[in-house]
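Q: Could you walk me through how to read a few features of this structure?
A: Gladly; let us take them one by one.

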Amino acid sequence: MITYAASLGSFDRYFNEKLRNAFGICDLKKVETQLWGELPDNEENNAALALLHQAVADGDIVPVSAHMPFYGGGMRWDPSALEEDIRKDVVSRMSRLMLDNPDLLGGHVTLHASNEPPMETHPARIIQCRRSLEELMPVAEKLDISINVEYLPRTCLGNCEEELEALVDGFPGKYIGICLDVNHIMHRYRELPAIIRRLAPRLKSFHICDYDGVDEMHWFAGQGIIRWDEVMAAIKEIPHDVLLISETMYQLGEKVSHVADPVFAIRQTEDSFYFLENCKEIMQAREKFRKSLAQ
């Protein structure tokens, strides 16, 4: 079964009352929450976190996943850190975040395996990140969640299928999986169906967004060049449940000069999910119409 959800990180820097009210109005409730790296010393973050807990308790939103921090607040969040004291500190803080916020996890956690280190350090960092996953395993077991290592771009650890497989190999599939961000495939976007089929046994979640052929754009599905009919066909072949999480912050969040009204933003996300669910027919009709323009 496919579950559709929205990344809260797409909408604003912090969860706020306006966004909470918007989810109360709209039909879409399922979200991937954002556990910010400033916690617990940033006053604005703490207020937003308290509001987020209340929104979950009141049923305004329903977490299905949580994104672990990977930057911010002057803290280091790299589970592949070569310095053992730093790596252990990262694991300790990540463990605390999960244990302190079980209601925000929804059964899944998205984890970046690294920041953007030099490629020559990757073999050593794979070993370090696997140590971190091993040390996070007791938390995953206690909370009954899956920690999903994200497919990342550029020089990040986990920027290809081989590295992701090396990171998760040997861990119980119930507790360690993969999150595939389709933008992070970058220039290999035509290979997405094959990549999905290769990683399918471990795929638990997707970050869904479209691409322009140059850089990760985090556009709504259907606005770029990804062949969504082929991608969705591969996703629907996966025999187990998966999450499709819309991650479109470049349009809806603070990366643009005008932040969209949250009701409009959620409705746009709902429409994007409708497109994904029906993309084969929609794309065929759209291509037929385009051809008619030349007549």
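A: R76 is exposed, at a relative accessible area of 55% (buried is under 20%, exposed over 50%, partly exposed in between, with a 1.4 Å probe and protein chains only). This is a predicted model, where local features need pLDDT of at least 70 and side-chain atom pairs count only at pLDDT 80 or more, while totals for chains, interfaces and linings use all residues. Residues are numbered from 1 along each chain as its sequence is written, and side-chain values use heavy atoms, leaving out hydrogens and water.

Q: Where does R76 lie, and what does R76 touch?
A: Contact means heavy atoms within 4.5 Å. R76 sits in the loop between β3 (62-67) and α3 (84-100); helices (H or I, at least four residues) and strands (E, at least two) are DSSP runs numbered from the N terminus. Not counting residues up to four places away in sequence, R76 touches I86, V90 and R93. R76 and D89 are 13 residues apart in sequence, with 8.7 Å from C-alpha to C-alpha.

Q: Which residues of helix α1 are buried?
A: An α-helix has 3.6 residues a turn, so residues three or four places apart point the same way. In α1 (residues 17-25), L19, R20, A22 and F23 are buried. They lie on the same side of α1, because their arc around the axis is only 160° (taken from the directions from the helix axis to the C-beta atoms). K18 and I25, on the other side of α1, are exposed. The buried residues of α1 pack against β2 (30-34), α2 (43-57) and α9 (262-277).

Q: How do α1 and α9 cross?
A: Axes are lines fitted to C-alpha atoms, for helices over the stretch in contact, and angles between N-to-C directions run from 0 to 180 degrees. The axes of α1 and α9 come within 8 Å and cross at roughly 45°. That makes α1 oblique to α9 (under 35 degrees is roughly parallel, over 145 roughly antiparallel, 65 to 115 roughly perpendicular, the rest oblique). From α1, K18, L19, A22, F23 and I25 make the contact, with P262, V263, I266 and R267 from α9.

Q: And what is the arrangement of α7 and α10?
A: The axes of α7 (residues 228-236) and α10 (residues 279-293) cross at roughly 165° and come within 9 Å. α7 is therefore roughly antiparallel to α10. W228, D229 and M232 of α7 meet C279, K280 and M283 of α10.
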